[in-house]
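I opened this notebook to keep a record of what I looked up in one structure. The entries follow the order in which I consulted the model.

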Amino acid sequence: MTKSICIITGSTLGGAEYVADHLNDVLTTQGIEVTLFNNATLADIQSQDCLLVVTSTHGAGELPDNIQPLFDEITTQQPDLSQMKFGVIGLGSSDYDTFCNAVNIVEKSLCACGATQCCESLKIDVTQNFDHDGTAESWLPTFLL
């Protein structure tokens, strides 16, 4: 089982941040060491073995402003992240044809640098699902395997 996890958030209105905070509490209770970044840089995550990205989708399917600089760095520098496994939780509205597209951006960017996606991403439709924390917590065991 994973002993330490780095959580990073991509949040515009705070929803993804709230989910990340909840998961931080759940994981800490389980004895897992958690580092949480709301404005992560490549230096923050580069040496991490286990990364959990919790992000909303912004605008026309983009990453939120607070996480965009990190993924710009990743795309530009193409760091070796082959030691890293990761999972992604996305929040979005199915009213848009770019529903949870930020998840696709994260998956593609991290995989391109050699990171291993350890489970299927969770995409939470905020128009249908009003228990974001509970849904993310229920998904967590698939990530921790």
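**Entry 1. Conventions**

I worked on a predicted model, in which local features need pLDDT of at least 70 and side-chain atom pairs count only at pLDDT 80 or more, while totals for chains, interfaces and linings use all residues. I number residues from 1 along each chain as its sequence is written, and side-chain values use heavy atoms, with hydrogens and water left out.

**Entry 2. The annotated span**

I took from UniProt the feature "domain: Flavodoxin-like", placed at residues 5-144 in an unreviewed entry. I note that UniProt positions are given in the numbering used here, that feature names are shortened, and that annotations may be inferred rather than shown by experiment. For residues 5-144, I find 39% helix and 23% strand, with the end C-alpha atoms 10 Å apart. Helices (H or I, at least four residues) and strands (E, at least two) are DSSP runs, numbered from the N terminus.

**Entry 3. Strand pairing**

I count two strands as paired if DSSP finds at least two bridges between them. I looked up S1 (residues 4-10) and found that S1 and S3 (residues 50-56) pair in the parallel sense over 5 bridges. Within that pairing, Leu-51 of S3 is the bridge partner of Cys-6. S1 also pairs with S2 (residues 33-37), again in the parallel sense and over 5 bridges; here Ile-8 stands opposite Phe-37 in S2. On to S4 (residues 85-92): S3 and S4 run parallel and are joined by 7 bridges, with Ser-56 opposite Leu-91 in S4.

**Entry 4. Burial of S3**

How many residues of S3 are buried? I find 7 of its 7 residues buried, where buried means under 20% relative accessible area, exposed over 50%, and partly exposed in between (1.4 Å probe, protein chains only). Both faces are covered: Cys-50, Leu-52, Val-54 and Ser-56 lie on one side, and Leu-51, Val-53 and Thr-55 on the other.

**Entry 5. Buried residues in the helices**

I looked up Phe-143, which is in helix H5 (residues 132-144). Phe-143 counts as buried because its relative accessible area is 0%. Leaving aside neighbours within four places in sequence, its contacts (heavy atoms within 4.5 Å) include Cys-50, Leu-51 and Leu-52, as well as Lys-85, Phe-86 and Gly-87. Gln-117 is 26 residues from Phe-143 in sequence and 9.3 Å away in space, C-alpha to C-alpha.

I then turned to Asn-24 in helix H1. Its relative accessible area is 18%, so Asn-24 is buried. Beyond neighbours within four places in sequence, Asn-24 is in contact with Ile-7, Val-34 and Leu-36.

**Entry 6. Loop residues**

Ser-93 lies in the loop between S4 and helix H4 (101-112). I list Ser-93 as buried because its relative accessibility is 14%. Not counting residues up to four places away in sequence, Ser-93 touches Phe-99, Asp-125, Val-126 and Thr-127.

Cys-100 is in the loop between S4 and H4, and its phi is near 55°, a positive value in a residue other than glycine. I list Cys-100 as buried, at 1% relative accessibility. Gln-78, in the loop between H3 and S4, has a positive phi of about 45° although it is not a glycine. Is Gln-78 buried or partly exposed? At 42% relative accessibility, Gln-78 counts as partly exposed.

Ala-60 is in the loop between S3 and H3 and is exposed, with a relative accessible area of 58%.

**Entry 7. The largest pocket**I recorded about 390 Å³ of space in the largest pocket. It is lined by 18 residues, of which Leu-13, Ser-56, Thr-57, Leu-91 and Gly-92 lie nearest its centre. The elements that give two or more residues to this lining are helix H1 (15-29) and S4. On a 1 Å grid over the protein atoms alone, a pocket is an open set of points where a 1.4 Å probe fits, with protein on both sides within 12 Å along at least five of seven lines; lining residues have an atom within 4 Å of a point. Grid points are joined across faces, edges and corners, and a volume is the space filled by probe spheres set on the points.
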